[in-house]
Every structure is written in C-alpha cells, then in structure tokens.
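Please read it beside the sequence and structure shown here.

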Amino acid sequence: MSSADPSAMRPRRFLPGAPLRGTIRVPGDKSISHRSIMLGALAVGETRVTGLLEGEDVLATAAAMRAMGATVERTGEGAWSVHGVGVGALLQPQAPLDMGNSGTSTRLLMGLVASHPITATFVGDASLSKRPMGRVIDPLSQMGASFESSEGGRLPLIVRGAFPAVPIAYRLPVASAQVKSAVLLAGLNTPGITTVIEPVPTRDHSERMLRGFGAELDVEVEADGTRVITIRGEAELRPQVIDVPGDPSSAAFFIVAALLVPGSEVVIENVGLNPTRAGLIDVLRQMGGSIEELDRREVGGEPVADLRVTHSLLRGIKVDPAVAPSMIDEFPALFVAAALAQGTTVTSGLDELRVKESD
C-alpha cells in the first residue's frame, strides 16, 4: 500500500445530483426489433419498421437475414425496409453467420434454419461462445435438424436443417422465451402442427408478432397456468408496418433513478408494457413507487403507454419468484432501488441469471 498515491486514500464527498425532470424516449425494444427483422425476412413483400433498436445484436440479426436472401436496408434513423423471401425460401449462407454477442439472434436463427434445406455455421465473440446452446439443440434435433457444436453445446456450431422437418410437442424443461421461440420459428416451415408446452409463462413477443404476420397460432391456458402454444406449419406470412415500442429494460434505469432522486418527475414516452416484460414496474409499485400510465394503447399487438415517474420513498419487500421471468434482465436495476429502500428486499427464483449477461 505504501507505493499507492496518497491522494487516492483521502475521503471524498459526493453531493446529491439535481432532480430529474423532463420527457424522454428510450431506444426500441430489442426483442421486438429482432423478431420484426426475422419475420419481415420470411414475409413476401416489404415490411417497414420504425423505432428499431440499432444496437450490435439487432444488426447481427439483420446481417444474417441478408446472408440468407432477404433485402434488409436502413432508410433513416431507426427506420428499416425488409423485403422478404417467403417461408421455406431462405438461401444457403455463403459464409459463417457472425452473431457477435447476441444470444437471442443465435437461438432464434437456429430455429429458423432447422426447418429449411440449408446448412449454416454460427460463430460469436468470446462471451457468446461460453453460453450453452444445448437447450435449443435438443428440441430442434427432435424435429430432424442435425448439429455439430463445440464442447458443451457451444459456438462455433453448424446447423443442418431438416426438410421436411417433423412437428413435435415439446414441454419446456426451463422457462425460456428463446427456446420457445426457436421451436415456434422452426414450426413455421414444418408440415402439420408444432406444439410448445410452457409450464411457466415467459415473454410472448414471438406469439404476438407471429399472429400479426398472419401465422395460424393458438394459445390455450390450462387450469394450472400452463400455456399450450400451437402453430400450423407451411405458413404464408404477410408483410407488416411495425412501430417498435420503447424497451422496458432501457426504461428501467430512468424509472429507478427518478424514483430515488428527490424532487424528480420524468415522463418516459412509448414504453412497451407487455405483461411478460413489465414485472419491474409492478415490483417497484409494491415498494411504494409512483409510476403512472398515460395514454395506454396497443401498437402492433403490444401494449404501450407513456410513464410518469415521480420521486417516492421505497420500502423493502419480498419479491414473488413467479415474476422473475418477466424482469430477469432488470434485477440489477432493482437491486439499486433495493439498496436505497427502507428495510430489506428479498428475491428468489433467479437461477436463469447465471446464464445471462445480466448475472
């Protein structure tokens, strides 16, 4: 310690920041952005998308769909045009598909490729290459696709699609919207009915958007809450005009900041409030947070509202583990609120964090 800069050891004083006030709009929802590009690439005609999240993950999806034959072009800030090839008409990519750091792109595109007569190699960065893909490989193998993966079911991996693929009824062993979506996307080009049985509800963006594009998809909820999702294969998707809602994960940081900083009042416009994603808002309200919905509406099958967030005195609570899947990416932001709330906040059911970037 003697060689350290003495000034680094002095106590520091940090003054609180000024109140947060004003109106903001957060970037588009990543989950919906991915799916709008993928399904637009499978619809015959032009799909127009506004509010697209132009992060590296979504751009990886766009590049992959381009490599498989779709025309995917940026026409302005957040505005994109997708000319699709039709279900069943994806082309053989001429080079490996680079997924960067995007687990969503990888797992969903594995599903798409699995029921097309093509072979695709998936590669990613060092972080993505550590993440397990076995939970997607299992059901897609049952549908007839074959895989060559690195040790532990990791990237790089090769997918050889089955044509025709075999429809299956698959019960999800773990709550995962990505696995569910991969099987449903594979089912798009599979003759007959593909079924996913979901004991614990997860994000339903795929179901909403597949319906919006014209797929025959049904959801039945059993008495115990289990969701049974069926999709009829060999679908013909219709192009859409999509305005992507603001990402609730991005809004989370501003919501928490406004609740914690005295004197704050912030309006966050156009936030997606899909109930399978908005768990954080419900939990913060239970803690005493003032979060008001203005102009609640539906955009492209997704519930949306402007949120007015006002500084509040938060109290610790016991978080119901059932809400964990609907806010799995937002727990780090919740822990900031919990650290500054009165009392103790207890959470459980967070196993999925161990295999996510937000661990």
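Strand β16 (residues 302–310) has 7 of its 9 residues buried, so it is largely enclosed by the rest of the structure; buried means under 20% relative accessible area, exposed over 50%, and partly exposed in between, with a 1.4 Å probe and protein chains only. The model is a predicted one, in which local features need pLDDT of at least 70 and side-chain atom pairs count only at pLDDT 80 or more, while totals for chains, interfaces and linings use all residues. Residues are numbered from 1 along each chain as its sequence is written, and side-chain values use heavy atoms, with hydrogens and water left out. Helices (H or I, at least four residues) and strands (E, at least two) are DSSP runs numbered from the N terminus.

**Strand pairing**

- Strand β14 (residues 265–272) pairs with β16 in the antiparallel sense over 6 bridges, two strands being paired if DSSP finds at least two bridges between them.
- Valine 267 stands opposite arginine 308 in β16.
- Strand β15 (residues 290–299) also pairs with β16 in the antiparallel sense, over 8 bridges, and serine 290 has threonine 310 in β16 as its bridge partner.
- A hairpin is formed by β15 and β16 with 2 residues between them, and glycine 300 in the turn has a positive phi of about 60°.

**Cavities**

- On a 1 Å grid over the protein atoms alone, a cavity is a set of points where a 1.4 Å probe fits but cannot get out, whereas a pocket is an open set with protein on both sides within 12 Å along at least five of seven lines; lining residues have an atom within 4 Å of a point.
- Grid points are joined across faces, edges and corners, and a volume is the space filled by probe spheres set on the points.
- By this rule there are 2 cavities of 30 Å³ or more, and the largest cavity has a volume of about 50 Å³.
- The elements that give two or more residues to the lining of the largest cavity are α7 (248–260) and α8 (279–286), and α7 gives the most, with 4 residues.
- The lining of the largest cavity divides into 8 nonpolar, no polar and 2 charged residues, where Ala, Val, Leu, Ile, Met, Phe, Trp, Tyr, Cys and Pro count as nonpolar, Asp, Glu, Lys and Arg as charged, and the others, Gly among them, as polar.
- The second largest cavity has a volume of about 40 Å³, and its lining, which includes Asp29, His205, Glu302 and Pro303, divides into 5 nonpolar, 3 polar and 3 charged residues.

**Largest pocket**

- The largest pocket has a volume of about 970 Å³ and is lined by 39 residues, of which Gln178, Arg203, Ile328, Asp329 and Lys356 lie nearest its centre.
- Its lining takes at least two residues from each of α1 (30–42), α3 (103–114), α5 (177–187) and α7, and α1 gives the most, with 4 residues.
- By class, the lining of the largest pocket has 10 nonpolar, 14 polar and 15 charged residues.

**Aromatic pair**

- The structure holds 1 aromatic pair, with rings of Phe, Tyr and Trp (its six-membered ring) taken to pair if their centres lie within 6.5 Å, and planes under 30 degrees apart counted as stacked, over 60 as edge-to-face and the rest as tilted.
- The rings of phenylalanine 331 and phenylalanine 335 have centres 5.9 Å apart and planes at 40°, so the pair is tilted.
- Both phenylalanine 331 and phenylalanine 335 lie in helix α9 (residues 331–339), 4 residues apart, about one turn of the helix.
- Phenylalanine 331 is buried, with a relative accessible area of 1%, whereas phenylalanine 335 is partly exposed, with a relative accessible area of 37%.
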